[in-house]
Amino acid sequence: GLLATVPLEHRKEALVVHTRPRSRRAEAIRQVRANMQFAELERSLRVVVVTSAVAGQGKTSVATNLTPACAEAGQRVVLVDGDLRNPRVAEVFGVASEPGLSEVLLGRASLERCLVGWGEGSLHVLPSGRQASNPGEILNSEAMRLLLEDLAQDHDIIIIDSAPLLPVADTVGLLQHTDAVILVSR
């Protein structure tokens, strides 16, 4: 079902939930969070992928704003930049993009080294890391499943900003490791 209609106001501002907490856009993001909590009454939503059919639909904006909205509700949350072809999460949060997810999945860095705290402490960001030559395969791997299990030990919810569905197959393999998908459409 439809979780919310998010208005385009302040679209150029990256973290509207943080910079304009009383705006209509921020409230719509909180509505997404609230509707996710209602959906969770039926089954646990620990790992949520945010995607779109094509680029430019606002998936990263929804994912990056949903993360602090969940944190402000008292949840321990981590945002994973799973768009390994066009990563933007590190830029939005003002953190280093490397090392990150690709290094963890390839065994080149530990999760502890790559996970970045942001804000009050209940929000973490796992940037994308270096661009991998095989993003679809590493996102569909056993290493990804194990990483999500590790993250779930210390976080209430894991939000993954993933690649759009139609141009590349990266997100399709990732879906087997998740509990829900938020499809952003403009």
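Reader: Before we count elements, what are helices and strands here?
Author: Helices and strands are DSSP runs, numbered from the N terminus; a helix (H or I) has at least four residues, and a strand (E) at least two. The structure itself is a predicted model.

Reader: How many helices and strands are there in the protein chain, then?
Author: The protein chain contains nine helices and six strands.

Reader: What share of the residues counts as buried?
Author: The share is 51% of the 186 residues of the protein chain.

Reader: Let us turn to α3. What should this helix span?
Author: Helix α3 covers residues 59–72, which is 14 residues, and at 1.5 Å a residue the helix should span 20 Å. The C-alpha atoms at its ends are 20 Å apart, so the model agrees with that expectation.

Reader: How many residues of α3 are buried?
Author: Of its 14 residues, 13 are buried, and α3 is therefore mostly covered, given that buried means under 20% relative accessible area.

Reader: What classes of residue make up the lining of the largest pocket?
Author: There are 16 nonpolar, five polar and three charged residues.

Reader: And what is the volume of the second largest pocket?
Author: The second largest pocket has about 450 Å³. Its lining holds 22 residues, of which G56, G58, T60, S61 and R88 are the closest to the centre.

Reader: Where does the largest share of that lining come from?
Author: It comes from α3, which contributes four residues to the lining of the second largest pocket. By class, this lining divides into seven nonpolar, eight polar and seven charged residues.

Reader: I would also like to know about α2. Is I29 buried or exposed?
Author: I29 lies in helix α2. This residue is buried, because its relative accessible area is 3%, under the 20% cut-off. In sequence I29 and T64 are 35 residues apart, while their C-alpha atoms are 10 Å apart in space.

Reader: A change of topic: what is the count of disulfides?
Author: The count is zero, on the rule that a disulfide is a pair of cysteine sulfur atoms within 2.5 Å.

Reader: Are C70 and C114 buried or exposed?
Author: C70 is buried, with a relative accessible area of 1%. C114 is buried as well, also at 1%.

Reader: Which residues does the cis peptide bond join?
Author: The cis bond joins E98 and P99, with omega at about -5 degrees. In general, most peptide bonds are trans. P99 is found in the loop between α4 (89–93) and α5 (101–105), and E98 has its place in that loop too.

Reader: How accessible is E98?
Author: E98 is partly exposed, at a relative accessible area of 40%. Although E98 and P127 are 29 residues apart along the chain, their C-alpha atoms are separated by 6.9 Å.

Reader: Is E120 buried or exposed?
Author: E120 is exposed, because its relative accessible area of 84% is over 50%. The loop between β3 (116–118) and β4 (123–126) contains E120.

Reader: Finally, where is K12 found?
Author: K12 sits in the segment before α1 (16–19). K12 is exposed, with a relative accessible area of 85%. From K12 to V49, 37 residues apart along the chain, the C-alpha separation is 23 Å.

Definitions and conventions
Residues are numbered from 1 along each chain as its sequence is written. This is a predicted model: local features need pLDDT of at least 70, side-chain atom pairs count only at pLDDT 80 or more; totals for chains, interfaces and linings use all residues. Side-chain values use heavy atoms; hydrogens and water are left out. The expected span of a helix is 1.5 Å times one less than its number of residues. Buried means under 20% relative accessible area, exposed over 50%, partly exposed in between (1.4 Å probe, protein chains only). Ala, Val, Leu, Ile, Met, Phe, Trp, Tyr, Cys and Pro count as nonpolar, Asp, Glu, Lys and Arg as charged, and the others, Gly among them, as polar. On a 1 Å grid over the protein atoms alone, a cavity is a set of points where a 1.4 Å probe fits but cannot get out, and a pocket is an open set with protein on both sides within 12 Å along at least five of seven lines; lining residues have an atom within 4 Å of a point. Grid points are joined across faces, edges and corners, and a volume is the space filled by probe spheres set on the points.
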